[in-house]
Amino acid sequence: MNYIFSNIIYTVLYLQAVYSNMIYNKNPRMPLHIKRTVLCFLVIIILLPVTAQRHTISGYVKDMSNGEMLIGASIFVKDSYTGTVTNSYGFYSLSLVPGEHTIVYQYLGYNTKEIAVDLNKDIPYDIELETTTDSIAAVVVTAERGNENIVSTKISSVKITSKVISQIPVILGETDVIKTLSLLPGVKATGEVSSSLSIRGGARDQNMLILDEATVYNASHLGGFFSVFNNDAIKNVELFKGNIPSRYGGRLSALIDVRMKDGNNKKFTANGGIGLLSSRLTIESPIVKDKGSVIISGRRTYYDVLMKIIHSIVDTVPELPVHFYDLNLKANYTLNQKHRLFVSGYLGRDVADLSMGDDVSSAFNWGNYTATLRWNYIINKRLFSNLTLLASNYDYEIENMLRLGRGEKEYMFRWKAYLKDYSAKLDFGYYLNPDNTLRFGVISTYHDFNVGRINGRSDTLTWDYSIPKIYCIENALYISNEQRITGRINVSYGLRYSTLHNIGKATIFVYDNYNVVDTNRYAWGKIYNSYSGLEPRLGLTFVLSDRNSVKSGYTRTRQYLQIASNSTSGTPIDIWIPSSPNVKPQTADQYSIGYFRNFKNNSIKTSIEVYYKNMQNQVDFKEFAQPHLNPEIEGELRFGKGRAYGLELMIEKTSGKLTGWLSYTLSKSERKTKDIQEKGWYTSPYDIPHDVSIVASYKASGRILLSANWVYQSGRPINAPVARWEYGDLILPYFPGRNNDRMPAYHRLDLGLELKGKQKPGRRYESSLNFSIYNFYNRKNANAVYFIQDYEKQNNTKAMKVSLFRFMPSITYNFKF
């Protein structure tokens, strides 16, 4: 123990030396308050109390029915504030003074277990919890012990289980992680069918979206109709809107952490569903019972097949050969009590194959793949480590082909682009004592950008044109502590130090007033530009009683990658670019404070939060910018600052026949960008002042579950002309500034009904029918607004509203065995 502790202290002292050298030698202009923050943090960590003689009970908390590790389960000493929660792999460690203790294991939706232990030595103890008989009624957002939302230091965060997601009615009956998140306060979809989110006024590329820790760069299928996450393969989702843990970084606004199921290590199971436009199947099986398991989950739409059949019957109906598929795979194996291996991956693709006659066809396909390899190692009873190797890819390809016969093809046109990541990550969790949990680690990511390459031929002319590839390495190291100072004061504090290094081979343009004046070329492997910075994190909880508390948080974040696109809702051909000599990293400081109160034995949870976010080096485009296949894309960018602030209210009911939540957000998001609007601050394209969501589920009987959600939002900002210039037959609209007007307000009601089949004793097969109606009262919501000349009144300009989705019923048959 002394050896381990001395190594921890040595590591912290080493970090102190590194930071001191960086602060005082390389950054003499760093603000004094930042220097003080760093020094105070290091002093607190170094002076952590060395505890008296203690013994430790540690192990894993699992689901009794399938062996799944339970993330965020609570373990605490009965009638005491002393306790801990399981980490992302279900592991816990609790060190107590020698003697007799009653340990309580608790996870919402599961029966609580209590064990009496005589802790006169270290005890390894794995435990399995059994689901409650009426767990389906406990449709809740969070998944910890009853008042975990009161006592924990987490603020601006929400955890959602796959069960919650499956009970919310959505478009075309396909359960969706992203659509569910958009019903939470402070979270807004950037379009009616978009899978991109704006969180607390941030841009859609300012959210870090990870699947088993691998980055997902485009979460959309079919332009946003569906997200890439198959709910059958998902265990839970955790959203951090602020106060992001120091072990994560790279984005300004939020973290969305999606975890896949481990797979059933008790028995073989299968489940799936057949819907109007898609079907899915998930298979889980033990590799070795209670030691390892595998899960395979697949999904495919068959819109292309249905339209082909309809076209064969009614030839006036066009074929639309568009579909998507995705596949999730995960396996794990426990080598022994100390070692466990995981491997997981995702592959998803959208395919559009459009024929133009018998000889010519066009194809457009895009998609993601991710891969994760992890090794959990329990170094000792208090020190947990995790080594992770990651790969991530997003690419798209547009082709125009000439069929030569005998299956041969000649490409007349091909456009390809991709973004690839390769990462290595090492994390440690050190359970120092019941009052302090220390986490530290390091991550390094290699980014490979192919912004675009186009080649083809036309008659005798051939061409091959490409934008120079971009390479960079992003590194970070972090340390944090979750500390219980007294029974009523809890604090979490952390520090992250991140860097970005641009490396050759590269061609970099030098700009003067946005015009190229010189060109620099760098050899392969040469570091030609670097950025670095500190990212302090702080959370404070003052527990007023077991039922209410006040929390506050501060987070600084840095972002080195951004989308080069002038679309707010996202497209499949979005391209990402890194910071460079011409593009500084984005930074943000977010402050938040909230009051949390529970009622009726923690069955009703309420919270009210206010936040303020100040953003620097925000990226925007000049008017009429052309981001694609443009080697001088950095000259199209404009830089400024942003601010967002607001109030978020949430009330949720977590037990009983009627469950759900109500959320309301009052917010403002603004930008100030040089050379775009000289008058000062202008409305951000992500500004939605009012946002209301009501989500409800009612368990009418053991077989019938009714659900509904109603949403209301202020109209989205648009550019609207206020006058026009006429010169002969030429009419030019006059726009006074960015986002000077709004679309009409958006609202709709969705309804759902789940009807379960009759249960028979000893029968393993289960089935249900899910009926849903999207936009029940047929609201004509504006998806877009454009302006044309009013031909009836020649001197007027008329606004035209595009409405996409009206009353849309769907039905899905679900099964499980």
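**Salt bridges, burial and a mixed sheet**

Colleague: How many salt bridges does a search of the whole structure find?

Modeller: The search finds 38 salt bridges, and the model in which they are found is a predicted one.

Colleague: What makes the meeting of D574 and R204 a salt bridge?

Modeller: The side chains of D574 and R204 come to 2.8 Å, N to O, and the limit for such a pair is 4 Å, so the contact qualifies as a salt bridge. D574 sits in the loop between β34 and β35 while R204 sits in the loop between β11 and β12, so the pair ties together parts that are 370 residues apart in sequence.

Colleague: Why are D574 and R204 called buried?

Modeller: A residue is called buried under 20% relative accessible area; D574 has 7% and R204 has 10%, so both names follow from the cut-off.

Colleague: How do you know that R259 and E213 form a salt bridge, and what does the pair tie together?

Modeller: The closest N and O atoms of R259 and E213 are 3.6 Å apart, and that value is within the 4 Å limit, so the pair counts. R259 belongs to strand β17 and E213 to the loop between β12 and β13, so parts that are 46 residues apart in sequence are tied together. Both partners are buried, R259 having a relative accessible area of 6% and E213 one of 8%. R259 and E213 are also members of a network of salt bridges, in which D212, K235 and D257 are among the other residues.

Colleague: What makes β9 and β13 the edges of their sheet?

Modeller: The five strands of this open sheet stand in the order β9-β16-β17-β12-β13, with mixed pairing. β9 and β13 each have a single partner strand, so one side of each is left without a neighbour in the sheet. Further in, β12 and β17 run parallel and are joined by five bridges, and L211 has V258 as its bridge partner in β17.

Colleague: Which element gives the most to the largest nonpolar core?

Modeller: This core has 42 residues, of which L181, L184, F229 and I256 touch the most other members. Strand β17 gives the most, with four residues. Leaving out residues up to four places away in sequence, F229 touches V177, I178, L209, L211, A219, V258 and R299.

Colleague: How do you know that T84 is buried?

Modeller: T84 has a relative accessible area of 14%, and the cut-off is 20%, so T84 counts as buried. T84 is placed in strand β3, and its contacts beyond four places in sequence include A73, Y92 and Y431.

Note on methods. Residues are numbered from 1 along each chain as its sequence is written. This is a predicted model: local features need pLDDT of at least 70, side-chain atom pairs count only at pLDDT 80 or more; totals for chains, interfaces and linings use all residues. Side-chain values use heavy atoms; hydrogens and water are left out. Two strands pair if DSSP finds at least two bridges between them. Helices (H or I, at least four residues) and strands (E, at least two) are DSSP runs, numbered from the N terminus. Buried means under 20% relative accessible area, exposed over 50%, partly exposed in between (1.4 Å probe, protein chains only). Contact means heavy atoms within 4.5 Å. A nonpolar core is a set of buried Ala, Val, Leu, Ile, Met, Phe, Trp, Tyr and Cys residues joined through side-chain atoms within 4.5 Å.
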